[in-house]
Amino acid sequence: MEPHHFFTAQRVLIVAGKGGVGKSAVAGSLALLAAQSGLRALLVSFDAETIEVPAHERLERVTVTPGNALTDYLASKGMGLISRQLAKSGIVELVATTAPGLDDLLVLGRIKAFEKELRADIIIVDGPAAGHAIDLVRAPLQLKRALASGPIAQQADEVLAMLADGARCKILMVTTPAMTPVQETVEAATELRDDVHIVLAPVVINKKEPDVPSLSTTDMSQELVDACTYAAQRSQAQQEAIAVLSSTLELPQMIVTRRRLDGGELVTAMVEDLALAIDALP
């Protein structure tokens, strides 16, 4: 599959995963790859303190919080001056996070607005941890049940329509090749797909160690023998975790090699692995 086809299979791609699996690095790398493929890419973060992503003329970055999402919503309803004054006092942020689920609906509503106004060809969302991803997409339904009419109910309806349409939105899960994150990824992905009815993109297996070749240890020192044994055992454990993921979650896999890099250098290197992984997809 060509990167252009991978990204245009939906307009919003929400990247989610357990803390520590490299979710933000994967999201940034996908956004940069999309831009390098000739698409207008928008990288949305919920937190300003995310990974550094090299600049590109086709890549735009924005941070969406419940407060600024509410400010933008009020401005769209002709109350821009009032909302800006309230924002300066901190009241908007307070209101946006008071009602359970309202903060999630607000940020999803802002993403929906980006998608509706065609802000970019592909919107990559550096989403929440795997567990909170379920709460995030459940919030519109819960608020809709609590408030059957009015602006919040209308916003919930529009967000639910986006989430239910695989041509508009998918969730991409990120894991590492270890049993605990794999099991949590399987549980979250299964609930998102079967209970919340979100369409899932291929799963990214991040931080995979290179395969360890079979070596003769006859002339090695004991230190080298121990190092080779450890590396082989770790590689075997990773293969077993990937096998569990393959047998329990029927999704295409995209494997990214562990890189001893940080920031923009890490993102640039991961772009290469993701491009190869996308190319190998059916």
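Predicted model: local features only at pLDDT ≥ 70, side-chain atom pairs only at ≥ 80, totals over all residues.
Helix 6 is largely enclosed by the rest of the structure, because 12 of its 15 residues are buried. Just after helix 6, leucine 118 takes a positive phi of about 55°.

Lysine 112 is the first. Its side chain makes a polar contact of 2.8 Å with the side chain of glutamine 155. Is glutamine 155 buried or exposed? Its relative accessible area is 12%, so glutamine 155 counts as buried, the cut-off being under 20%.

Leu108 is the other. Leucine 163 is in contact with Leu108, and also with Val137, Pro140, Cys169, His197 and Ile198, leaving aside neighbours within four places in sequence. Leucine 163 belongs to the largest nonpolar core, which has 42 residues; together with Val12, Val44, Ile171 and Met173, it touches the most other members. Apart from this core lies another, of 36 residues, with Ala31, Ile51, Val53 and Leu59 among them. As general background, nonpolar side chains tend to be buried together in soluble globular proteins.

The secondary structure comes to 11 helices and seven strands. Of the 282 residues, 46% count as buried. Among contacts with a separation of 6 or more, 74% are between residues 24 or more positions apart.

I turn next to helix 11, residues 263-279. This helix has 17 residues and reaches 25 Å from its first C-alpha to its last, close to the 24 Å expected. Its buried residues include Gly263, Gly264, Ala269, Asp273 and Ala277. What do the buried residues of helix 11 pack against? They pack against helix 1, helix 2, strand 6 and strand 7.

The pairing with helix 2 can be described in more detail. The two helices pack at an angle of about 70°, with their axes 8 Å apart. Helix 2 and helix 11 are therefore roughly perpendicular to each other, as angles of 65 to 115 degrees are counted that way. On the helix 2 side, the contact is made by Ala25, Val26, Gly28, Ser29, Leu30, Leu32, Leu33 and Gln36. On the helix 11 side, it is made by Leu266, Val267, Met270, Val271, Leu274, Ala275 and Ile278.

Serine 45 lies in strand 2, residues 41-45, and counts as buried at 2% relative accessibility. Beyond its neighbours within four places in sequence, serine 45 is in contact with Thr50, Arg61, Val62, Thr63, Val64 and Asp126.

Glycine 127 sits in the loop between strand 4 and helix 7. At 4% relative accessibility, glycine 127 is likewise buried. Not counting residues up to four places away in sequence, glycine 127 touches Ile14, Val15, Lys23 and Phe46.

How values were computed
Residues numbered from 1 in each chain as written. Heavy atoms only, no water. Core = buried A, V, L, I, M, F, W, Y, C linked by side-chain atoms within 4.5 Å. Buried < 20%, exposed > 50% of the residue type's maximum accessible area, 1.4 Å probe, protein only. Contact = heavy atoms within 4.5 Å. Polar contact = N/O pair within 3.5 Å; in protein donor to acceptor, adjacent residues only side chain to side chain. Helix = DSSP H or I, 4+ residues; strand = E, 2+ residues; numbered from the N terminus. Expected span 1.5 Å × (residues − 1). Axes fitted to C-alpha atoms, helices over the stretch in contact; angles between N-to-C directions. Parallel < 35°, antiparallel > 145°, perpendicular 65-115°, else oblique.
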